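Me: I would like to go through the labels attached to this structure and ask what each one rests on. Please set each value against its cut-off.

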Amino acid sequence: MKHSTESSRFFSTTQTLSVDMSAASCLLTEDQFLCSICLDVFTDPVSTPCGHNFCKTCITQHWNVNVPNQCPNCNKLFYTRPELQVNTFISEMAAQFRQSAQQETKLEKTEAEIQQMIQKRELKIQEIKHSVELSEEDADREIADGVQVFTALMKSVESKLNELIDTIKEKQRKTEKQAEGFIKELEQEISELKKRSTEVEQLSRSEDHLHLLQSFRTLNTAPPTKNWTGVRVSPPSYEGTVVRAVNQLEETLSKQMKKLLTEVELKRVQQSAVDVTLDPDTAYPNLILSDDGKQVQTGDVKKNLPNNPKRFNCTCVLSKQSFSSGRFYYEVQVKGKTKWDLGVVRESINRKGSITLSPQNGYWTIWLRNEIEYIACAGPSVRLSLKSQPQKVGVFVDYEKGLVSFYDVDAAALIYSFTGCCFTEKLYPYFGPCNNNDGKNSAPLIISPVNHTE
């Protein structure tokens with residue numbers, strides 16, 4: 001029983017001490033748990049007779065290296081090295097402080113992680129909102145394009161309907177006019193016949209036999225009239241009128257829709273316009289580049305230029321800018337030229353010796369030859385049939401979709417598209433003004449500012 005009571009007192013005392021130590025650790029400051037030598041939390045803290053605390057290792061090494069047996073804090077000198085015992089109270093307090101510091105560090109780390117998670121989510125919210133804004137803009141643009149196309153188509157339908165109605169009414173008017181002519185002619189004959197009838201009746205009542213004999217020959221016969229037996233007013237035939245009108249409308253709408261959709265498509269790709277300038281380091285020596293890097297034409301004199309690896313040995317030049325993702329678009333004026341090459345090329349193309357323009361060799365281009373012959377260098381080449389000669393050519397590339405398209409800007413017409421391309425390198429806009437053909441092809445290729453199609 002006595003043993004049990006002592007045990008209870010021991011545990012009670014221990015718990016009280018633990019609580020007191022915990023409370024004490026809350027009252028003490030951080031500096032009171034730091035060794036003044038290593039400036040870190042105590043490890044095996046010991047106390048000197050002067051009452052100062054140090055890590056056991058720190059004070060031992062200090063006495064071994066510096067002034068022996070002197071307190072680093074108060075400089076009190078001990079004649080014999082004091083026997084140092086670990087201060088269990090300070091040690092436990094330091095351990096608790098160390099544990100508390102670790103927990104604080106972990107909490108700070110957790111707080112930092114939480115803040116980082118909050119920031120990521122806030123950024124994601126901004127990203128989503130921005131996506132919605134872009135989607136709204138795309139939707140508004142798509143609606144506007146749709147309204148433009150359908151309004152134009154409805155106008156065409158209305159116009160064709162009015163033409164159909166006018167055609168039918170015109171037929172009806174001709175029928176009515178014919179009938180009116182017949183009726184007028186019949187009424188005229190009736191009038192003549194009535195007049196003759198009156199004259200005959202009057203003559204028959206006359207007692208003047210001499211007058212009767214004189215007039216009988218004239219009045220004995222009816223006045224000349226038309227034989228109306230075979231005359232008919234046939235209603236016009238409308239059979240096939242609506243069908244023909246619908247077929248014409250279908251053909252008109254098909255052409256118009258193709259043109260409208262191309263206009264919308266061109267308007268859209270023009271949103272990807274980029275600023276392109278020519279790179280003189282790639283230009284063939286007889287090419288003349290403008291100071292602003294926007295024009296190139298072929299001269300008669302071959303300049304003495306360094307034959308660097310980037311330079312072509314044929315009449316062409318690349319842009320300074322390259323593109324390895326996304327979409328880009330630019331326009332080139334070709335007015336007045338009889339020959340030219342345009343397109344995009346990959347960075348690793350062969351620039352020396354004989355060059356064949358084809359996608360297999362890294363060239364996606366079209367060209368003009370003999371003033372009227374347009375060719376897509378698709379390997380094999382494709383001859384292009386164009387309704388008009390382009391004065392300005394638009395070049396559009398969608399890197400990820402593997403698409404290269406060429407447009408007649410003024411006519412808002414698609415010239416040709418390379419599809420299903422696989423791009424793995426940087427792409428450069430490519431310009432070939434070709435030889436000047438004794439001055440007939442001296443006009444420059446001009447990189448023009450993009451005026452967005454209305």
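Reply: This is a predicted model. The chain holds 5 helices and 15 strands, and 32% of its 454 residues count as buried.

Me: What makes the pair of phenylalanine 182 and tryptophan 228 edge-to-face?

Reply: A search of the whole structure finds 11 aromatic pairs. In the pair of phenylalanine 182 and tryptophan 228, the ring centres are 5.9 Å apart and the planes stand at 85 degrees. Rings pair if their centres lie within 6.5 Å, and planes over 60 degrees apart count as edge-to-face. Both conditions hold, so the pair is edge-to-face.

Me: Which parts of the chain does this pair link?

Reply: Phenylalanine 182 belongs to helix H3 (residues 88–205), whereas tryptophan 228 sits in the loop between helix H4 (209–219) and helix H5 (241–269). The two are 46 residues apart, and the pair links distant parts of the chain.

Me: Are phenylalanine 182 and tryptophan 228 buried or exposed?

Reply: Buried means under 20% relative accessible area. Phenylalanine 182 has 17%, so it is buried. Tryptophan 228 has 18% and therefore counts as buried too.

Me: Why is the pair of tyrosine 416 and phenylalanine 418 called edge-to-face?

Reply: The ring centres of tyrosine 416 and phenylalanine 418 are 5.0 Å apart, with the planes at 80 degrees. Because that angle is over 60 degrees and the centres lie within 6.5 Å, the pair is edge-to-face. Both residues are under the 20% limit for burial: tyrosine 416 is buried at 19%, and phenylalanine 418 is buried at 5%. Elsewhere, ring pairs link Phe312, Tyr363 and Tyr430 into a cluster.

Me: How do you know that lysine 226 lies over the face of tryptophan 228?

Reply: A charge sits over a ring if NZ of Lys or CZ of Arg is within 6 Å of the ring centre and within 35 degrees of the ring normal. Lysine 226 is at 4.7 Å from the ring centre of tryptophan 228 and is listed as lying over its face. Arginine 369 likewise lies over the face of tryptophan 367, at 4.0 Å from the ring centre.

Me: What makes E7 and E8 a strand pair?

Reply: Two strands pair if DSSP finds at least two bridges between them. Strand E7 (residues 340–346) and strand E8 (residues 363–369) are joined by 6 bridges, so they pair, and they run antiparallel. In one of these bridges, tryptophan 340 has leucine 368 of E8 as its partner.

Me: Why are E5 and E10 called edge strands?

Reply: The open sheet of 6 strands has the order E5-E14-E7-E8-E9-E10, with antiparallel pairing. Strand E5 (317–318) and strand E10 (382–384) each pair on one side only, and they are the edge strands. In the loop between strand E9 (373–376) and E10 lies proline 380. The peptide bond to proline 380 from glycine 379 is cis, with omega near 10 degrees.

How values were computed. Residues are numbered from 1 along each chain as its sequence is written. This is a predicted model: local features need pLDDT of at least 70, side-chain atom pairs count only at pLDDT 80 or more; totals for chains, interfaces and linings use all residues. Side-chain values use heavy atoms; hydrogens and water are left out. Helices (H or I, at least four residues) and strands (E, at least two) are DSSP runs, numbered from the N terminus. Rings of Phe, Tyr and Trp (its six-membered ring) pair if their centres lie within 6.5 Å; planes under 30 degrees apart count as stacked, over 60 as edge-to-face and the rest as tilted. Buried means under 20% relative accessible area, exposed over 50%, partly exposed in between (1.4 Å probe, protein chains only).
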